Amino acid sequence: MKRLFLILLALSVVAGCRRSTTPPSDGGGGPVPNPESTAVYFGIKTDSAFVYFDSTQSSSSGTSIDTVLTIFHSYISSGGELRVPHTDTFLISGRVFKDTIYIKGDTLYQYYTLVLDTTNPSPDTIRLKYIIGIKPLTIGYSWTPISGRQSLNDTIKIPLTETCTLLVRLDSFRIDSSRAQVLDSLNVDVPGGSFSVFRIAYSRHAKGFYNLSTRPVGCFPISGDTNATLDSWDTLHIKPYFGIVLITGKDSTQFNTNMGSQFEILRRYRAFV
């Protein structure tokens with residue numbers, strides 16, 4: 001179940017302030033938006049680098065703190081769309097993640113792609129589009145950042161003891177609801193300085209369905225259909241022509257089985273330094 005939690009948690013993914021009386025400039029939005037202007041608007045620049053302070057607190061495993069170096073690489077043009085590869089390097093843990101941001105017209109988005117590589121009977125791939133922002137940012141504007149449902153056909157084997165294995169047969173995954181909204185403008189203080197930003201709130205509710213059983217029969221009396229629900233909330237503070245300044249978030253995951261429920265809370269904080 002912990003691996004399934006990590007799979008669901010990976011989708012939760014993108015995400016005290018003083019109220020500002022003067023909203024930050026949104027940069028307009030021209031009658032014919034183009035990828036290049038949108039990239040500049042959201043602070044995405046070729047070969048630019050940003051350093052973030054990153055902290056995650058788990059209700060089951062404690063707190064981890066790291067710093068992250070994000071480097072955007074050269075643009076790859078594809079018709080009316082820009083693909084902007086970037087690499088996140090966690091300086092303390094040494095983890096490296098590669099991803100791509102897509103820009104088309106006035107929309108900034110990315111894909112969350114997960115491959116369940118248990119190869120039994122064959123690998124499953126979950127690929128969901130996530131809309132990060134639409135320019136020009138205006139207070140009160142809202143959109144649906146992510147949606148979709150996908151059937152799965154894969155089995156995860158989790159050894160419980162030397163002689164007993166838990167089989168998790170994945171059935172389907174769906175996004176029940178999601179919402180993004182520009183709440184207001186305010187001043188926010190982060191290690192990198194004080195910025196006037198737009199505050200965007202994201203919320204998602206997702207559910208995964210799967211079946212549990214043990215092999216060989218009788219090693220533990222576990223069987224039956226069950227599900228896991230994931231609710232996540234993110235607040236993104238963004239300054240046009242500069243980019244993301246601060247991200248805070250919270251995920252709550254509940255596993256529901258015929259043996260009871262297990263609850264996990266994860267809190268995240270990432271600030272520009």
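The legends below describe close-up views of one predicted model. Residues are numbered from 1 along each chain as its sequence is written, and side-chain values use heavy atoms, with hydrogens and water left out. Because the model is predicted, local features need pLDDT of at least 70 and side-chain atom pairs count only at pLDDT 80 or more, while totals for chains, interfaces and linings use all residues.

View 1. Helices (H or I, at least four residues) and strands (E, at least two) are DSSP runs, numbered from the N terminus. Of the 273 residues in the chain, 47% are buried, where buried means under 20% relative accessible area, exposed over 50% and partly exposed in between (1.4 Å probe, protein chains only).

**View 2. Strands S5 and S6 form a hairpin.** S5 covers residues 81–90 and S6 residues 96–104; the two run antiparallel and are joined by nine bridges. Strands pair if DSSP finds at least two bridges between them. His 86 stands opposite Asp 99 in S6. Five residues separate the strands, and Gly 94 in the turn has a positive phi of about 85°.

**View 3. The largest nonpolar core has 54 residues.** Such a core is a set of buried Ala, Val, Leu, Ile, Met, Phe, Trp, Tyr and Cys residues joined through side-chain atoms within 4.5 Å. The members that touch the most others are Leu 137, Trp 143, Val 188, Ile 200 and Tyr 202. Strand S11 (residues 165–190) gives the most to this core, with 10 residues.

**View 4. Arg 204, Asp 234, Asp 251 and Arg 268 are linked in a network of salt bridges.** A salt bridge is a side-chain nitrogen of Lys or Arg within 4 Å of a carboxyl oxygen of Asp or Glu; the count comes to eight. Asp 234 and Arg 268 meet at 2.7 Å, N to O. Asp 234 lies in strand S13 (residues 223–239) and Arg 268 in strand S15 (residues 260–272), so this pair ties together parts that are 34 residues apart in sequence. Arg 268 also meets Asp 251 (3.1 Å, N to O), which lies in strand S14 (residues 243–257), 17 residues apart from Arg 268. Asp 234 is buried at 2% and Asp 251 at 1%, whereas Arg 268 is partly exposed at 22%.

**View 5. Glu 81 and Arg 83 meet in a salt bridge.** The N to O distance is 3.2 Å. Glu 81 is buried, with a relative accessible area of 13%, and Arg 83 is partly exposed at 34%.
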